[in-house]
Amino acid sequence: MSRNSSLPPSDYRGRLAPSPTGYLHIGHARTFWTACQRAIAAAGTLVMRMEDLDPDRSRAEYADAALNDLRWLGIHWQEGPDLSSPDLSSPDHGGPYAPYEQSRRMAFYLDAWSKLQKGGFLFPCRCSRKDLEAALNAPHESISPGTVEAQGHNEPGNGEQEPLDDEPIYPGTCRRSENNFPLSPNSPACNIAEPGCFNWRFRVPAGEVIEFVDLNLGPQRFVAGTDFGDFVVWRRDGVPSYQLACVADDAAMRITEVVRGEDLLKSTARQILLYRALSLTPPAWFHCRLVADSSGRRLAKRHDALSLRALRLRGFTPEQILSGALPMET
Ligand SMILES: [Zn+2]
């Protein structure tokens, strides 16, 4: 899709934020398509940002596949990862807010972490997965802060997001004992002045109502401490959380509207708190309804038969994929 040249350029800046942890599926395609159409309608700029922070799950081949499959669908962007394309009319030559790969943007996240830490918004958390399970008495739920946050990198959501948005409420163990927190539990390298060794959690204002108007789904209301608890902003393995990286990047890249799956509504409430703590202006929000399979389950990257890759190979056209006319068997 090329921009409508009859419209004047606008300040609208949207983004596509795939996570290269698997092949994109039909749900991603439709959310990205919506993002693309809204940018075109606004005569705005669309940014491609590769959310490849998780070193264990991100793979270059999936990043390549995402860019390739989205282009095949007819989705184009004006700024994106620099693939050293000699063609300067190509979106693959970067842009004014480069780099567009999260794995190359650690300085932005450290800066945000530092501001939050100095502002008193964070506390270090040493709870292990076992500790949390015991405290929550909910052994059936996956609550490892590391893996929970890692699964947040699948935006725009359409599956695989439930562990992120439905992350159990943090029981407050380390928040309460903060004054007695041992700063160097295992290693002399542990330092309260930089992230590492601990999970760092955002101290949510318990009881505060977070409200926003979603441009697609209407008024939204969440209660901090009830709908979500103190959430991780930096993992002990050195990786910033989805929430922190997303806010830092959307602000730095001057994104004016975020289009993503409705499974991230609760994350939007969390991120609004981060925007406020960082004295940043949040973008507008447009959350898309999710695509379900024939049994009503949300699609996830494990639905290999519905990956864009597989559908292409089976001969489906972009029009069929985007029209919703496909059978949803898995
Ligand atoms: Zn803790």
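What covers the buried residues of H2?

Good morning. The model is predicted, so local features are described at a pLDDT of at least 70 and side-chain atom pairs count only at pLDDT 80 or more, whereas totals for chains, interfaces and linings use all residues. Residues are numbered from 1 along each chain as its sequence is written.

I begin with confidence. pLDDT is the predictor's confidence in each residue, from 0 to 100. The chain averages 84, and 78% of the residues score at least 70. Over residues 139-163 the pLDDT is below 50, although this stretch has 80 contacts in the model beyond near neighbours in sequence. Two residues are in contact if their C-beta atoms, placed from the backbone, lie within 7 Å.

Next, the overall composition. The chain contains 11 helices and 9 strands. These are DSSP runs numbered from the N terminus: helices are H or I with at least four residues, and strands are E with at least two. Of the 330 residues, 45% count as buried. A residue is buried if 20 or more other C-beta atoms lie within 10 Å of its own, exposed if 12 or fewer, and partly exposed in between, with C-beta atoms placed from the backbone. Among contacts with a separation of 6 or more, 77% are made by residues 24 or more positions apart.

I turn to the interior. A nonpolar core is a set of buried Ala, Val, Leu, Ile, Met, Phe, Trp, Tyr and Cys residues joined through C-beta atoms within 7 Å. The largest such core has 35 residues, and Leu16, Ala29 and Phe32 have the most contacts inside it. Two or more residues each come from helix H1 (26-41), strand E2 (45-48), helix H2 (60-73), strand E8 (257-261), strand E9 (284-288) and helix H10 (308-313). H1 gives the largest share, 7 residues. Leaving out residues up to four places away in sequence, Leu16 touches Phe32, Ala35, Leu46, Met48, Leu70 and Trp77. A second, separate core holds 34 residues, including Phe121, Cys197, Val204 and Phe228.

Let us look at H1 itself. Its 16 residues reach 22 Å from the first C-alpha to the last, close to the 22 Å expected at 1.5 Å a residue. The expected span is 1.5 Å times one less than the number of residues. Among the buried residues of H1 are Ile26, Ala29, Phe32, Trp33 and Cys36. Ala43 follows the helix, and its phi is positive, near 55 degrees.

This brings me to H2 and the opening question. The buried residues of H2 are Tyr62, Ala63, Ala66, Leu67, Asp69, Leu70 and Leu73. What covers them includes strand E1 (13-16), H1, H10 and helix H11 (318-323). The end C-alpha atoms of H2 are 20 Å apart, in agreement with the 20 Å that its 14 residues should span at 1.5 Å a residue. Just after H2, Gly74 takes a positive phi of about 105 degrees.

Strand E1 also contains Arg15. Is Arg15 buried or exposed? It is buried, with 28 other C-beta atoms within 10 Å. Apart from neighbours within four places in sequence, Arg15 is in contact with Leu46, Val47, Arg49, Met253 and Ile255. The C-alpha atoms of Arg15 and Glu257 are separated by 7.9 Å, although these residues are 242 apart along the chain.

Now a sheet. Three strands form an open sheet in the order E3-E4-E7, with antiparallel pairing. Two strands pair if DSSP finds at least two bridges between them. The edge strands, each pairing on one side only, are strand E3 (122-125) and strand E7 (232-234). E3 is joined to strand E4 (residues 199-202) by 4 bridges, and Trp200 in E4 is the bridge partner of Pro124.

I close with some backbone details in loops. The peptide bond from Ala98 to Pro99 is cis, with omega near 0 degrees, and Pro99 lies in the loop between H2 and helix H3 (106-118). Arg254, a residue other than glycine, has a positive phi near 55 degrees. Arg254 sits in the loop between helix H8 (242-252) and E8, and is partly exposed, with 13 other C-beta atoms within 10 Å. Ser279 likewise is not a glycine and has a positive phi of about 55 degrees. Ser279 is in the loop between helix H9 (265-277) and E9, and is exposed, with 8 other C-beta atoms within 10 Å.
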